[in-house]
Structures are given as C-alpha cells and as structure tokens.
Amino acid sequence: MNKKKISRFFLIKKKLNEVLKPIYMKIIDTSDAHYSFHGEETHFKIIVVTKKFNNKKILLRHKKIYNLLDSEWSLGLHSLELYTYSPDEWNKAKIKNK
C-alpha cells in the first residue's frame, strides 16, 4: 500500500482553519531561504486574522498557534514567523500601509 505524504503546508492550513476560523490567512513556505533546509517544509511565515484574537495579547495568540502545531515540531517544523491580528487590528494595519 502506497501512502501519499500530505505536505506540512496543507496540514498547517487545515489545523489553523479548523480551530481559528480565520477571515484571512496567508501561509508562505520560506524554507528555501534557509540553505540547510533546502527542499523541506521547515520554515513558514503565517498571517492570521480571526475574531478569536479579539482582546487577546500577542503572546497568547502565538501560544495558541504553537499549541495547534505542536505535533509538527517533532516531525521537522523548525521555525514560524507569526503575524496575528484581530479583524479591527487588521483593518487598521491595511489603512496604515496604503
């Protein structure tokens, strides 16, 4: 029986979508920028906007994501660059960056 390996990118996307129900999410695999990890899914930049982050401090948001992806660390995930926003914060950031 040949089991097809599911990419870490899609596993991360699935886990975050199921729990955080984001109104916007962007996941970028930045692994190729790290020579020693070339060709592997080890480094990601993640932007998440969700109502679940309303009135939550950044540290708690990051802990939530790290906990959701806990099983991936032992399987080769090496680094996350996280940008976490509530919808209000996201709207303000978009206006500020225009």
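Thr50 lies in the loop between S2 and H2. Here helices (H or I, at least four residues) and strands (E, at least two) are DSSP runs, numbered from the N terminus. The model is predicted: local features need pLDDT of at least 70, side-chain atom pairs count only at pLDDT 80 or more, and totals for chains, interfaces and linings use all residues. Residues are numbered from 1 along each chain as its sequence is written, and side-chain values use heavy atoms, with hydrogens and water left out.

Thr50 has 0% relative accessibility, so this residue counts as buried. Contact means heavy atoms within 4.5 Å. Leaving aside residues up to four places away in sequence, Thr50 touches Leu20, Lys21, Pro22, Ile23, Tyr85, Ser86 and Pro87. A polar atom of the Thr50 side chain also lies 3.2 Å from the backbone nitrogen of Lys52.

Asn55 lies in the loop between S2 and H2 as well. Asn55 is exposed, with a relative accessible area of 82%. Its phi is positive, about 60°, although Asn55 is not a glycine. Lys21, one of the residues that Thr50 touches, is found in the loop between H1 and S1. The phi of Lys21 is near 45°, again a positive value in a residue other than glycine. Lys21 is exposed, with a relative accessible area of 54%.

The chain as a whole has four helices and three strands. From the N terminus on, the elements run α-β-β-α-α-β-α. The chain has 98 residues, and 30% of them count as buried. Its accessible surface comes to about 7200 Å², with 54% belonging to carbon and sulfur atoms. These areas come from the Shrake-Rupley method with a 1.4 Å probe; for residues, only the protein chains shown count as cover. Among contacts between residues at least 6 apart in sequence, 61% join residues at least 24 apart.

The three strands form an open sheet in the order S1-S2-S3, with mixed pairing. Strand S1 (24–29) and strand S3 (79–85) stand at the edges, each with a single partner strand, so one side of each has no neighbour in the sheet. The twist averages 10° from one strand to the next. Two strands pair if DSSP finds at least two bridges between them. Strands of a sheet pair through backbone hydrogen bonds, either parallel or antiparallel.

S1 and S2 pair in the antiparallel sense over six bridges. In this pairing, Lys26 stands opposite Ile47 in S2. Strand S2 (residues 43–49) and S3 run parallel, joined by seven bridges. Lys45 stands opposite Glu81 in S3, and the bridge partner of Val49 in S3 is Tyr85. S2 is mostly covered, with six of its seven residues buried.

Glu81 lies in strand S3. Glu81 is partly exposed, with a relative accessible area of 35%. It touches Phe44, Lys45 and Ile46, not counting residues up to four places away in sequence. The side chains of Glu81 and Tyr83 are joined by a polar contact of 2.5 Å. A polar contact is a pair of N or O atoms within 3.5 Å; within protein, one must be able to donate a hydrogen and the other to accept it, and residues adjacent in sequence count only if both atoms are side-chain atoms. Glu81 and Thr30 are 51 residues apart along the chain, and their C-alpha atoms are separated by 9.4 Å.

Two helices lie across the strands. Helix H1 (residues 8–20) lies across S1 and S2, running at about 25° to S2. Helix H2 (residues 58–68) lies across S2 and S3, running at about 130° to S3. Axes are lines fitted to C-alpha atoms, for helices over the stretch in contact, and angles run from 0 to 180 degrees between N-to-C directions.

The largest nonpolar core has 14 residues, of which Leu16, Ile46, Ile65 and Leu80 touch the most other members. H1, S2, H2 and S3 are the elements that give two or more residues to this core. Such a core is a set of buried Ala, Val, Leu, Ile, Met, Phe, Trp, Tyr and Cys residues joined through side-chain atoms within 4.5 Å. Leu80 touches Phe44, Ile46, Ile65, Tyr66, Leu69 and Trp73, not counting residues up to four places away in sequence. In soluble globular proteins, nonpolar side chains tend to be buried together.

Note on methods:
Buried < 20%, exposed > 50% of the residue type's maximum accessible area, 1.4 Å probe, protein only.
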